[in-house]
Amino acid sequence: MRGGLWQLGQSITRRLAQADKKTIGRRCFASDADLKKTVLYDFHVVNGGKMVPFAGWSMPIQYKDSIMDSTVNCRENGSLFDVSHMCGLSLKGKDTIPFLEKLVIADVAGLAPGTGSLTVFTNEKGGAIDDSVVTKVTNDHIYLVVNAGCRDKDLAHIEEHMKSFKSKGGDVSWHIHDERSLLALQGPLAAPVLQYLTKDDLSKMYFGEFRVLDINGAPCFLTRTGYTGEDGFEISVPSENALDLAKALLEKSEGKIRLTGLGARDSLRLEAGLCLYGNDMEQHTTPVEAGLTWAIGKRRRAEGGFLGAEVILKQIEEGPKIRRVGFFSSGPPPRSHSEIQDSNGQNIGEITSGGFSPCLKKNIAMGYVKTGNHKAGTNVKIVIRGKSYDGVVTKMPFVPTKYYKP
């Protein structure tokens, strides 16, 4: 098991580093002083956080427990993640929805106020610039969270189109929430523990829903969502209140909810079959190829109107040439860029994320294969360091999701 733990840690570190490089480009850090720090940095260090560079930030990859133990504890009890490196922003104005719908695939107009959805920012070729959770606060206020490694390019992309939109008389403005921190509380104890700190009835708040409410005495944006497949919440809190909130959540759980780092966050999202931008989705990957056709609303499929719509709608009609699928495999855990072959030894695709599943105790991976080889049960070979190992296409998520739904 010790060898499995080491392999798990190494594969996750490589995967996060690879996504980091792809999203922010090559960058050399002279010292830790060059890295940005969240307001919880000292709290992480005091609690044994192993800090690593990620997307220009110094972030904890793990704490005193192993990545495997942290992953399992999230599913059995709960985890608290500091994800303040991610970028929250608000778009406001009477034309906010038509503006945003030019940039994303979601049916934003069709969302009920106080609800949100996963979406994708696309380019003119239909490729993914980034994935994001978009929330309609009101008809003239949209709240978004974008990936840390994509922050600069996402904001530049939004700003460029906003200038053009406003020059034609469109009413939209934005605010980047750099004054706030973001905590992710995940796992079966997330709701009962959070309930101690707010008067709002969380039993009536379902997956994908959003509220502005007081938590531990601070005005917060609360979304019932996450990146683990578990029930949970993302809490946007004023930065001056973030440390007190983190301490209160851990204290109320009586030690069962643990501080958890990027390492377990990555293994949890892989078990849940969720994409890591920079690995499983890039600028040349369309939402259809990535298995996110469900995120394109029925009205958007009929009307288009977003960047790359012609390419994407054609793929929906005719089917994509490649598809993202899951795998179980033998041998060492597959790595990103491991070649996938059919039973005749012909190349049919490559792995984009892979590792040892702490919860299933076996290898899992996802990657892209040529259409026709994508059905569950299809036997494949996965090439790792020049040697072929047996694999089989399987449905995702690998671990069943536990989202809180009515």
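## The largest cavity

By class, five nonpolar residues, four polar ones and one charged residue make up the lining of the largest cavity (Ala, Val, Leu, Ile, Met, Phe, Trp, Tyr, Cys and Pro count as nonpolar, Asp, Glu, Lys and Arg as charged, and the others, Gly among them, as polar). This is a predicted model, where local features need pLDDT of at least 70 and side-chain atom pairs count only at pLDDT 80 or more, while totals for chains, interfaces and linings use all residues. Residues are numbered from 1 along each chain as its sequence is written, and side-chain values use heavy atoms, with hydrogens and water left out.

A cavity here is a set of points, on a 1 Å grid over the protein atoms alone, where a 1.4 Å probe fits but cannot get out, and lining residues have an atom within 4 Å of a point. The structure holds three of 30 Å³ or more, and the largest has about 70 Å³ of space (volume being the space filled by probe spheres set on the points, which are joined across faces, edges and corners). Its lining is V133, T135, Y143, V145, L182, F221, T223, T225, E234 and S236. Two or more of these residues come from each of β6 (128–138), β7 (141–146), β11 (218–223) and β12 (232–238); strands are DSSP E runs of at least two residues and helices H or I runs of at least four, numbered from the N terminus.

## The second cavity

Next comes a cavity of about 40 Å³. Around it sit M59, P60, Y63, F81, D82, T260, G261, L262 and R265, with β2 (57–62), β3 (78–82) and α8 (262–271) each supplying at least two. That lining splits into five nonpolar, two polar and two charged residues.

Most residues other than glycine have a negative phi, and most peptide bonds are trans. E254, in the loop between α7 (239–252) and β13 (257–259), has a positive phi of about 55 degrees, and E254 is exposed at 69% relative accessible area (exposed is over 50%, buried under 20%, partly exposed in between, with a 1.4 Å probe and protein chains only). H337 also has a positive phi, near 80 degrees; it sits between β14 (322–329) and β15 (339–341) and is partly exposed at 42%.

Then there's the M396 to P397 peptide bond, which is cis with omega near 5 degrees. P397 lies in the segment after β19 (387–394).

## Cysteines

Taking a disulfide as a pair of cysteine sulfur atoms within 2.5 Å, the count is zero. For C87, the nearest cysteine sulfur belongs to C150, 11 Å away; C87 is buried at 1%. C220 is buried too, at 0%, and its nearest cysteine sulfur, that of C87, is 18 Å away.

Note on methods. On a 1 Å grid over the protein atoms alone, a cavity is a set of points where a 1.4 Å probe fits but cannot get out, and a pocket is an open set with protein on both sides within 12 Å along at least five of seven lines; lining residues have an atom within 4 Å of a point.
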